[in-house]
Amino acid sequence: MPSLSLTSPLCQWALLGALALGLGSGVPAYGQAHVPPARAKIFVPGFHTYAAPLPSLPTKVMCIGDSNTHGVQGHTSYRYPLWFQLYQQRAVLDFVGTRFTVHNENGVTIPDLNQYSRYYTYFDRDHQAYNGIRSDQIVPLLGQAVSLTRPDIVLLMIGTNDIGQLGSGGVNNALHGIMDIVHSIRLQAPATTFLIANLPPIGPGTAFFNNAAHINTFNNQLPGVVANLDDPLSRAVFVDVHAVLDLQTDFLPDGLHPNFVGQAKVANAFYPAVISAISGSYRPMHLASVQLLDSSFESLGLADQAHSQQELTDWLYHTEPNLLRGVWNPDNVTYPGALGAGTPTGAEGDEVLALENIGGDPARAWITQIMPTTLERDKLYTVSVAIGHRAPGGSRGFSNFGGYEIQLLAGNRIIASSSNQVTPQPGTFETDTIVFDSTGAHQSIEGTALSIRLRQTYQQYGVGTDFDDVRLSVQ
Ligand SMILES: [Ca+2]
Ligand SMILES: [Ca+2]
Ligand SMILES: [Ca+2]
């Protein structure tokens, strides 16, 4: 591929554009901005989500769970010893989450600072854990936190409250809850590595002790569930914390929460898996070829004017109540040329993706395709998508243009995007293109899975946008 020198007209364009956008000296965090000759648009990778220069990107770690992650009775949970263990190894980490305290129990809102003397120093207190919570209850609480932080690694230890509250039924509840947690996180952070722990034993001292035997049933089944969740592009790895804990020595008097010693043992169990997730063996795999499936939304084979909300197998959906998403086969009032199996002007085939706003904010709604290919250095990635603007009077309605955003992600990071850069004439599709030049791409995104996301952006009731002919080329 041709390389750009700093003095080339294209590169000057890029720098001017970056300044005009208020991005200062705008050194791209992940690779070089590249301006396609045909259309002078500027892409400064990383600035969509990370405003500050990031010379060394930290790996983002989200600890998710119940009180044994939240911290109770003046204890911090395993997060504290794990943080310092990793810190000593000079791991560049950011614990992430929207919560940052231990549980308020009997008026105790902070850990015992005699035992946890570095709590208010450089310990990163951010987490996503909730005292007393079951796996099914935490699923709806994760969406915003994950979309804000897009963790690279999730540490997950949950199910004790499922089993404590629900007895034998808690086993399946927790196993399914863990699957739901993983799936819901992947919708927004498709290349996250999951380190999933089994459950500590339960001793006398808690009402949960009646159900203690079910912990073993759960723990026996969990490795199989984790193996099924494992994916080359989003690893799921089993972590055995049960084996390292001793009910006699490692628990608070309630028999439920590991004590200072037990927390360190839990941290020890997670530690090698976190190191592997950061450094190599659990990172998402490299795969060879680019492939985009159902890229023209033709898989349902709909008749003229038919609309279906059936989810497409090859796309992942993250929807909000106000977004009506489906596939339809437009009529030729909406798009001239679309009669029967005719192709709308600027589209491909006779069916298109339809994202329609039925009442408000669809900003967090999108559909995603994760591709079986990973980001490599010194390549030029080009994504193009045909965007459709419906002419009024057609069979489907929603003819006020709904706007759009196209995003290209590497791992969980947006490396290029375009929002409403083209406005097609009513009754036509116009193609928008985004480009990412991976020359000098930061090593933290090299080898991460590529994915493409499509969104509808305008928030008024009654607007709609059609999408078609999604393409990715690598040169
Ligand atoms: Ca943090
Ligand atoms: Ca199509
Ligand atoms: Ca048609």
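These legends describe close-up views of a predicted model.

**View 1. The whole chain.**
The protein has 475 residues, and 47% of them count as buried. Its secondary structure comprises eight helices and 18 strands. Taking contacts between residues at least 6 apart in sequence, 78% join residues at least 24 apart.

**View 2. The largest nonpolar core.**
This core holds 105 residues. Leu155, Leu156, Leu195, Ile196, Phe270 and Leu408 touch the most other members. Helix H8 (residues 260–279) supplies the largest share, eight residues. Both domain 1 (1–54 + 286–475) and domain 2 (59–279) contribute at least three residues each. In soluble globular proteins, nonpolar side chains tend to be buried together.

**View 3. Isoleucine 196 and its contacts.**
Which residues does isoleucine 196 contact, leaving aside neighbours within four places in sequence? They are Leu156, Ile178, Val226, Ala236, Val237, Phe238 and Val239. Ile196 and Leu156 are both among the core residues that touch the most other members.

**View 4. Helix H6 against helix H7.**
Helix H6 spans residues 169–188, and helix H7 spans residues 213–229. Their axes come within 9 Å and cross at roughly 25°. An angle under 35 degrees counts as roughly parallel, so H6 and H7 are roughly parallel to each other. The crossing is right-handed. From H6, the contact uses Gly170, Val171, Ala174, Leu175, Ile178, Met179 and Val182. From H7, it uses His214, Thr217, Phe218, Gln221, Leu222, Val225 and Leu229. An α-helix has 3.6 residues a turn, so residues three or four places apart point the same way.

**View 5. Asparagine 173 in H6.**
Asparagine 173 sits in helix H6. Is asparagine 173 buried or exposed? It has 21 C-beta neighbours inside 10 Å, and therefore counts as buried. Not counting residues up to four places away in sequence, asparagine 173 touches Arg134, Ser135, Asp136, Asp162 and Leu166. Phenylalanine 218 is 45 residues from asparagine 173 in sequence. The C-alpha atoms of these two residues are 9.9 Å apart.

Serine 168 lies in the loop between helix H5 (160–166) and H6. With 13 C-beta neighbours inside 10 Å, serine 168 counts as partly exposed. Serine 168 and asparagine 211 are 43 residues apart in sequence. In space, 7.4 Å separates them, C-alpha to C-alpha.

**View 6. Helix H3 on helix H8.**
Helix H3 covers residues 79–88. H3 and H8 pack at an angle of about 45°, with their axes 8 Å apart. That angle makes H3 oblique to H8. Their crossing is right-handed. H3 brings Pro81, Leu82, Gln85 and Leu86 to the contact. H8 brings Gln263, Ala264, Ala267, Phe270, Tyr271 and Val274. Phe270 is also one of the core residues that touch the most other members.

**View 7. The buried residues of H3.**
Which residues of H3 are buried? They are Arg79, Tyr80, Pro81, Leu82, Trp83 and Leu86. Their cover includes strand E1 (59–65), helix H2 (67–70), strand E2 (93–96) and H8.

How values were computed
Residues are numbered from 1 along each chain as its sequence is written. Chains are lettered from A and ligands numbered from 1 in the order in which they are written. This is a predicted model: local features need pLDDT of at least 70, side-chain atom pairs count only at pLDDT 80 or more; totals for chains, interfaces and linings use all residues. A nonpolar core is a set of buried Ala, Val, Leu, Ile, Met, Phe, Trp, Tyr and Cys residues joined through C-beta atoms within 7 Å. A residue is buried if 20 or more other C-beta atoms lie within 10 Å of its own, exposed if 12 or fewer, and partly exposed in between; C-beta atoms are placed from the backbone. Helices (H or I, at least four residues) and strands (E, at least two) are DSSP runs, numbered from the N terminus. Domain bounds come from an automatic or database domain assignment. Two residues are in contact if their C-beta atoms, placed from the backbone, lie within 7 Å. Axes are lines fitted to C-alpha atoms, for helices over the stretch in contact, and angles run from 0 to 180 degrees between N-to-C directions. Angles under 35 degrees count as roughly parallel, over 145 as roughly antiparallel, 65 to 115 as roughly perpendicular and the rest as oblique. A crossing is left-handed if the near helix is turned anticlockwise from the far one by less than a right angle, and right-handed if clockwise.
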